[in-house]
Amino acid sequence: DAKAYASSFVRACADAGADPATVTYLDAAATGDPAEDRPEADALAALLAASPRTVPLAVGAVRGQVGHPGAAAAAVGLVKAAVALRHKMLPPAAGAK
């Protein structure tokens, strides 16, 4: 549900010592199932509306590039984020125009 997604994001930021308003990239779960993706999108929208952002937030999803590998998606998302940081460039999302 949207509250669980929002809570996860806020907890992750707290654990990292990061202000949610300064996060610049989020790799979403984005399963491709509207019933699952809508709560995640709603949670992000609520978080963005709740506090002023000082920087834009780019949102990506690795599953469009690798399918639905279950738990491996988190590892692939982490690698994708690390490569993006190293090269200072976000890869395009699959199917994005």
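I will begin with the pockets and end with one glutamate.

Please keep in mind throughout that this is a predicted model. Rolling a probe the size of a water molecule over the atoms shows where empty space is left. In the largest pocket, that space comes to about 580 Å³. Its lining is made up of 23 residues, of which F9, A12, L26, D27 and A28 lie closest to the centre of the pocket. Two or more lining residues are contributed by each of α1, spanning 2–16, β1, spanning 25–27, α2, and α4, spanning 72–87, and the largest share, seven residues, belongs to α1.

Among the residues that line it are V23, T24, Y25, L78 and K88, and here it is α4 that supplies the largest share, with five residues. This lining divides into nine nonpolar residues, one polar and one charged.

Let me now turn to E40, which sits in helix α2, residues 34–50. Is E40 buried or exposed? Its relative accessible area is 11%, and because the cut-off for buried is under 20%, E40 counts as buried. If we set aside its neighbours within four places in sequence, the residues in contact with E40 are Y5, A28, A29 and A30. One of these, A28, has already come up, as it is among the residues closest to the centre of the largest pocket.

Technical notes. Residues are numbered from 1 along each chain as its sequence is written. This is a predicted model: local features need pLDDT of at least 70, side-chain atom pairs count only at pLDDT 80 or more; totals for chains, interfaces and linings use all residues. Side-chain values use heavy atoms; hydrogens and water are left out. Helices (H or I, at least four residues) and strands (E, at least two) are DSSP runs, numbered from the N terminus. Buried means under 20% relative accessible area, exposed over 50%, partly exposed in between (1.4 Å probe, protein chains only). Contact means heavy atoms within 4.5 Å. On a 1 Å grid over the protein atoms alone, a cavity is a set of points where a 1.4 Å probe fits but cannot get out, and a pocket is an open set with protein on both sides within 12 Å along at least five of seven lines; lining residues have an atom within 4 Å of a point. Grid points are joined across faces, edges and corners, and a volume is the space filled by probe spheres set on the points. Ala, Val, Leu, Ile, Met, Phe, Trp, Tyr, Cys and Pro count as nonpolar, Asp, Glu, Lys and Arg as charged, and the others, Gly among them, as polar.
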